[in-house]
Amino acid sequence: MEVDADVLVVGGGPVGLMLACELALAEVRVCVLEQRAARTEQSRALTLHPRSLEILDQRGIVDRFLRRGAPIPVGHFALLEPRLDFSGLDTRHPYTLFLPQAQTEELLEERARELGVEIRRGHVVIEVAESEGGVALWIQGPEGRLRGRARYVVGCDGAASVVRRAIGVGFPGSEATLTAFLGDVEIAEGSDRPASRTGPHGAVLAAPLGEGVYRFVVFDPLRMHATKSEPVTLDELRSSLQRILGTDFGMRRARWLSRFGNATRLAERYRVGRVFLAGDAAHIHFPAGGQGLNVGLQDAMNLGWKLAAAVKGWAPPHLLDSYHDERHPVGRALLRNTEAQTRLIDVSGPGLSLRGVMSELLGIDAVNRYLAGQISALDVVYPPAEGAAAHALCGRRAPDRALEAARGATRLYELLHAGRYVLLDLAGDARIEAAAGALRDRVELVRATVTEPQCELAGVDALLVRPDGHVAWASDAAMRAARADDLTEALARWCGRA
Ligand SMILES: Cc1cc2nc3c(=O)[nH]c(=O)nc-3n(C[C@H](O)[C@H](O)[C@H](O)COP(=O)(O)OP(=O)(O)OC[C@H]3O[C@@H](n4cnc5c(N)ncnc54)[C@H](O)[C@@H]3O)c2cc1C
């Protein structure tokens, strides 16, 4: 028996599911191979950040997540006070959404099934090898061995990625030097808001998971040298909480206890031929600042439409490589900030002094805004294509501004629901329509006016927005004379030939 698809996604965690949704939206035949027989009820991540909410908004599905989660107007850097102020960020989602990973995965799976994605549970991928014109996989299924065949394969199979190993991609970095642990426990008393406390005896992050269950994440200098494989006990959790917080909240029963470390690694390449890596398969780090899942979803958003373009045969030559070029630096920045946070969270040695200095710095608005931009991932800018004369908006996330179009009042992210390029004509210039003419299968031309006067689109008269919501090309009055030629060139560079 054989599993056959245009794209086989290995791993049905949040990143694999998100990627599968993107591919299915573009009508690519996609199948997810997931080793687990059923979805896990345990949640490592608990949060979705502003940029992740924006990309879900760009696909018209953010409301499902907002209905389930609770918005918190802050983020954090190494659990420091003051918190990172997300409320002033320039986005429609200026908050952290508190939503356990299990629910994020449930909602992504629901969406994937609506879009017709085939999800094969109980399927363990054992080997992957590129073969002529495609990729071959060896799979252990519930009823025995299977062969898989696809034009492209994406390893979304987590930290111990089999795909990464099979394609020989190095995963350089550092081994864990310390560990922390978490406990999901039933407690007698508590508040309904996440909170944290840090002092000379360590740090604790506490968050309500509902039904009297609390998540405690414990950074205890006396326990930080336990190895990751050493089981966490309820007594260990109790005694750390007593030492750090002076109470164990009358905890009764543990639902889940787990230890994790600060091993930090980045895949050398995100692409080898027809095989790609995304999410934890590409980057691992200490879970500080709540970023891993978020960055993984954003990897998937960057890759999905590019792979779809390749499957459909119109991807310009650089497009598939641009996934590595754009996302690898984001992975590197993620590792850098989580390593810095790890130093700050470890209160043994100079940790407390470092925390004091950093807390003072976080009180400075510009510093707070800078780090909030990083952790929220709103500050990600992709470098312009080589040789392109770039407008200042190029590579940035397109601003979700209110618009008036022929269809009535709308906003930019609503125009992105179908996952196609959007060419916004804000000048009523017939040459823009003419340039897009033959590419209508992948580019949606929208004539509109911006109805928010004081914004970065003031003065912009045309904008090409990529399916992932980043600006590919923009033009303003100063570029008017060369606009048509410039646009034709940009369309060829980004959208391929008709
Ligand atoms: C304690 C802790 C707290 C965290 N908190 C946060 C947070 O608040 N915010 C945040 O953004 N991130 C957080 N993270 C990180 C986040 O959990 C991960 O980054 C995220 O799960 C990565 O998603 P993924 O889909 O890449 O990988 P995974 O979630 O690991 O999914 C990989 C999937 O692949 C499957 N698989 C593996 N091998 C195979 C195979 N050979 N064949 C078939 N299937 C396979 C696995 O069963 C799994 O379902 C936290 C992590 C930890 C440990």
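This is a predicted model: local features need pLDDT of at least 70, side-chain atom pairs count only at pLDDT 80 or more; totals for chains, interfaces and linings use all residues.
**Entry 1: around the ligand**

In total, 33 residues surround the ligand. The closest are Gly11, Gly13, Gly158, Gly279 and Gly292. I then listed the elements that give two or more residues to the shell: helix H1 (14–25), strand E2 (30–34), strand E9 (124–131) and H7. By class, I found 14 nonpolar, 14 polar and five charged residues around the ligand.

**Entry 2: the cores**

The largest one has 109 residues. Val7, Leu19, Ala20, Val153, Val154 and Ala278 have the most contacts inside it. Helix H7, residues 292–312, gives the most to this core, with 12 residues. Where does the core lie relative to domain 1 and domain 2? Domain 1 (2–174 + 265–376) and domain 2 (179–261) both give residues to the core, so it lies between them.

I picked out Ala278 and looked up its contacts, leaving out residues up to four places away in sequence. Ala278 touches Val15, Leu19, Val154, Cys156, Gly296, Asp299, Ala300 and Leu303. I also found a second, separate core of 35 residues. Cys394, Val443, Leu457 and Leu464 are among its members. I wrote down a general point beside this: in soluble globular proteins, nonpolar side chains tend to be buried together.

**Entry 3: helix H2**

Next I checked helix H2, residues 50–58. Is this helix largely enclosed or left open? Nine of its nine residues are buried, so the rest of the structure largely encloses it. The buried residues include charged ones by name, such as Arg51, Glu54 and Asp57. Pro50, Leu53 and Ile55 are also on the buried list. I looked for what covers them. The cover includes strand E3, helix H3 (62–68), strand E7, H7, helix H10 (365–376) and helix H11 (412–415). After H2 comes Gly60, and its phi is positive, near 75°.

**Entry 4: His93**

I moved to His93, in the loop between strand E6 (84–85) and E7. I counted 24 other C-beta atoms within 10 Å of His93; the cut-off for buried is 20 or more, so His93 is buried. Which residues does His93 contact, leaving aside its neighbours within four places in sequence? They are Pro50, Leu53, Glu54 and Asp57. Each of these four is on the list of buried residues of H2. I also looked up the pair His93 and Val62. They are 31 residues apart in sequence, and their C-alpha atoms are 10.0 Å apart in space.

**Entry 5: a three-stranded sheet**

I followed the chain on to E7 and its sheet. Three strands form an open sheet in the order E3-E7-E4, with antiparallel pairing. E3 pairs with E7, residues 96–98, over two bridges. Leu48 stands opposite Leu97 in E7.

**Entry 6: a hairpin**

Last, I looked at strand E26 (residues 460–465) and strand E27. They pair in the antiparallel sense over five bridges. Val460 has Asp476 as its bridge partner in E27. Five residues lie between the strands of this hairpin, and Gly469 takes a positive phi near 85°. E27, residues 471–476, is mostly covered, with five of its six residues buried.

Notes
Residues are numbered from 1 along each chain as its sequence is written. Two strands pair if DSSP finds at least two bridges between them. A residue is buried if 20 or more other C-beta atoms lie within 10 Å of its own, exposed if 12 or fewer, and partly exposed in between; C-beta atoms are placed from the backbone. Two residues are in contact if their C-beta atoms, placed from the backbone, lie within 7 Å. A nonpolar core is a set of buried Ala, Val, Leu, Ile, Met, Phe, Trp, Tyr and Cys residues joined through C-beta atoms within 7 Å. Domain bounds come from an automatic or database domain assignment. A residue is near a molecule or strand if its C-beta atom, placed from the backbone, lies within 6 Å of it.
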